[in-house]
Each structure stands twice: as structure tokens, then as C-alpha cells.
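Please write a short report on this protein for someone new to structures. Take the main features one at a time.

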Amino acid sequence: MRIGFVIYGSLDTLSGGYLYDRKLVEYLRAQRDTVEVISLPWRNYAAHLADNLWFRIPPSSVIASRAFSPTTPVLAPGASEQSPLSEKLDIVIQDELNHPSLLSANKHPHPHPIISLVHHLRCSEPRPKWQNTFYRAIEKKYLQSVDGFIFNSQTTQRVVNGLLGGSKPDIIAYPPTDRFGEAISENEIIERAKSPELRILFLGNVIERKGLHTLLDALAVGQNDILSYRLDIVGSLFTDPTFARAVKEKVAVSGLSSTVHFHGALDREPLIEKLKAAHVLVVPSSYEGFGIAYLEGMGFGLPAIGTTAGAAAEVIADGVDGFLVSPGDARELADRLRVLAEKREVLIRMSLAARERYLRQPKWEQTAGQIREFLQKQIAAFTV
């Protein structure tokens, strides 16, 4: 297959969504498919909407050589308007994150099937109602413009179909969670639990949606209850610098500086070290389309604490391999952390259950193979 893949920025961006995109591209290329990455620049939402004034899916000779911006020609030197992309590509995948830039590019009739890879909808995130009303209208128009979907969870599928009022060809393909290989042993988990200090790991970019502020509030209100703990924060501090500064100030004024440690974005061995050293993974997001980090942590025997909003419940069985708390409820989160700190038999039981949950998850090779079969079927069924 010859596939176009539309994203913002770089596939090397450190986030769960970009990990999914990157691993899918790697898999498809390993199957000898040609994947042309079409990269639009990261800007604000209004600027992305303005992309509709100039951006069209260009010939692959351009795609292969450069990323796109409003000043990039949509045709390579020597190319002609009579050399459309449909002669070059069989199908186009678009990360739904790019939806505001693609309304004009997706106008019917399509010269090839367009598949949207949906991690979660922007209008699903908590924000003022008037803003989400606006985003919902834009996203609905975009979702109507594509021919099918790759969903990362049942929750995302349900939300999209609810917005559309129907369904299109789709596949639910859970994200890659096995990039670190085999789970650690049960003995390692049991030995680690003997440490008197409860080691908490937050793994995610430091943005408001990920709920780090709620975790810090929980530690502040529970300081007298959780006698010995350490929080390691792993995630970019540059995605939302204003919020990152605010949480750093919260740490200082709450008297948490000696127990809370910021490490920035980590990958590979430095990240593995943090996962191996921790007891529990806490990402109390206001919304998750899936939550790759929860399952990755479970491979290291970390019970996961997420919230009841979004798809975390598809990963976490409350009270079994982690906890689900109400979004923004610092007191409830502090209570759950106190249980793990005081009752090490509960920590061990939940840690072993987390490891078992990880082992039940399908391997990425299997899931990516199903995505490839889905793409082939959409190409075979497509008629202009």
C-alpha cells in the first residue's frame, strides 16, 4: 500500500498519541508499505483553521521532501495540476488532532479513502460550554468528511458515533503498550514493596488535562496521613509552560519541594528506571481517550490511579489493579494513596494484579496487523 499520514509536527513528539502514530508508521513500513508523512506546523487553533485557505493534499514528490506551512508550495517544481495525489497514494490516514486544518482538504469527492485515527475528541475535554459547543461543530464537520475511523478505545468510538448520530467503517485498535518488552517478575514486585517510602510516579506531559495539580493537592491535604512518600514527575514542561510554572509554584507554597521532583520528558532507559523504581502510577486526568501510560506502568507492576472520566475504566479495574477516582477530587485521591502507603499487602496484591492485566493486553504486532487489514479492505471497497 501507498499511504499518506497527516500529523502536526514530528512523529518523535513524546506523548501517547504520537507514540501510537509512530509505532503504526513503523509497522506499516516494516510490511513494505510506503508511508509518506505529511507534517503541518503546530500553531494555535485559529491558525489551524486558516490552513483551510491554502492546504490541499499535495503530490507525494513534495510530501517526501518537506513539511508544510502556508509558504510551502503545494506542487513540487515541474509537477502539474494534472498529477494528483490519487495517482500516488492508495489511502490517507489523518490524526484527528489535525481536524481544524483539514475541512477543505477533505471536500468530496475523495480521490482515495480518508481514514481518521481518533485518540479523543477535543470537545470531550473539560472547558467552558460555549467553547466546546464551537469545537463540537468543527469536529462534527470534520468527522463527517472522512470515510472511516481507527479508534483507540470503545469510549472514543461511542463518543464519535454519538456526535455523528451513526457509524462509518471502523476498527477499535488499542494502543501499543509493549514497547518496553516483558513484564518485570513477581519477585521484583514483592521485594520493591518492602521500601517504607511510597514512590509515586506521574507520567504525562505537564498540562492541565493530565491532572497533576489534583495529585499535588492530594499530597498537600494528605501530608499528615502519608508519612513517607516521593513523587517523580516525568513529562514535558514545555507543552504548556504557563501551567508548568503554576504547578512548580504550587509545589513550593505547599511545602512539597523536598518530596516532589520534576524530571522533564524521559524516554527509553531513563524512563524504564523510573518505572522500575515506582510503586504506583498516578495520572488523574480530567479526560483520557485511552491512557497508554496506565498499561505501560502495569508492565512494571504499578497499580494505576486514573479517573472515572473518559476511557481509563477500560484499562483500570477499580480496587483490583488500580483505583478510579472522581476528576479533581484531591481528598479521594489522598485516601487511595494512604491505603497503598499503609497496607503493603494491598499494594502487593494490586501490583501483581496490574502485572496480570498487562499480560492480558494484545501485543502491538497483532493489533497493527488488524489495522493493516482494515486499511486494505477500505481500499478494496472504495469507489470515487
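## A buried phenylalanine

Leaving out residues up to four places away in sequence, Phe151 touches Tyr20, Val118, Thr156, Gln157, Val160, Asp170, Ile171, Ile172 and Ala173. Phe151 sits in strand E5. Is Phe151 buried or exposed? Its relative accessible area is 0%, and buried means under 20%, so Phe151 is buried.

Gly289 is 138 residues away in sequence, yet the C-alpha atoms of Phe151 and Gly289 are separated by 9.2 Å. The model is a predicted one.

## The whole protein

The protein has 13 helices and 12 strands. The radius of gyration is 22 Å, close to the 21 Å that the globule rule gives for 384 residues, so the protein is as compact as a globular protein of that length. Along the principal axes, the C-alpha atoms fill a box of roughly 70 × 40 × 40 Å.

How much of the protein is buried? Buried residues make up 54% of the 384 residues. The accessible surface comes to about 16300 Å². Carbon and sulfur atoms account for 51% of that surface. Now take the contacts between residues at least 6 apart in sequence. Of these, 70% join residues at least 24 apart.

## Helix H5

Helix H5 covers residues 154-164. Its buried residues are Thr155, Thr156, Val160, Asn161, Leu163 and Leu164. An α-helix has 3.6 residues a turn, so residues three or four places apart point the same way.

What do the buried residues of H5 pack against? Their partners are strand E4 (114-118), helix H4 (129-145), strand E5 (148-151) and strand E6 (170-172). Just after H5 comes Gly165, with a positive phi of about 75°.

## The loop between E3 and E4

Strand E3 spans residues 91-95, and Ser104 is in the loop between E3 and E4. Ser104 has a relative accessibility of 17%, and the cut-off for buried is under 20%, so Ser104 counts as buried. Apart from its neighbours within four places in sequence, Ser104 is in contact with Asn52 and Arg56.

Pro109 is found in the loop between E3 and E4 too. Which form does the peptide bond from His108 to Pro109 take? This bond is cis, with omega near 0°. Most residues other than glycine have a negative phi, and most peptide bonds are trans.

## Two arginines with positive phi

Arg32 has a positive phi of about 75°, although it is not a glycine. Arg32 lies in the loop between helix H1 (16-30) and strand E2 (34-40). Its relative accessibility is 78%, and exposed means over 50%, so Arg32 counts as exposed.

Arg268 is another residue other than glycine with a positive phi, near 55°. Where is Arg268 placed? It is in the loop between strand E9 (260-264) and helix H9 (269-277). Arg268 is exposed, with a relative accessible area of 62%.

Ala304 lies in strand E11, residues 304-307. Ala304 has 0% relative accessibility, so it counts as buried. Which residues does Ala304 touch, not counting residues up to four places away in sequence? They are Leu281, Tyr294, Met298, Ile316, Asp321, Gly322 and Phe323.

Ala304 and Ala354 are 50 residues apart in sequence. In space, they are 7.8 Å apart, C-alpha to C-alpha.

## The cavity

How many cavities of 30 Å³ or more does the structure hold? The structure holds 1. The largest cavity has a volume of about 50 Å³.

The residues that line the largest cavity include Thr177, Asp178, Arg179, Phe180, Gly181, Glu182, Ala183 and Ile184. Also in the lining are Glu296, Gly299, Phe300 and Tyr358. By class, the lining has 5 nonpolar, 3 polar and 4 charged residues.

Note on methods:
Residues numbered from 1 in each chain as written. Predicted model: local features only at pLDDT ≥ 70, side-chain atom pairs only at ≥ 80, totals over all residues. Heavy atoms only, no water. 1 Å grid on protein atoms, 1.4 Å probe; cavity = no way out; pocket = protein on both sides within 12 Å on 5 of 7 lines; lining within 4 Å. Points joined across faces, edges and corners; volume = space filled by probe spheres on them. Nonpolar A, V, L, I, M, F, W, Y, C, P; charged D, E, K, R; others polar. Helix = DSSP H or I, 4+ residues; strand = E, 2+ residues; numbered from the N terminus. Rg over C-alpha atoms; globule rule 2.2 N^0.38 Å. Buried < 20%, exposed > 50% of the residue type's maximum accessible area, 1.4 Å probe, protein only. Contact = heavy atoms within 4.5 Å. Areas by Shrake-Rupley, 256 points an atom, 1.4 Å probe, with all protein chains shown as cover.
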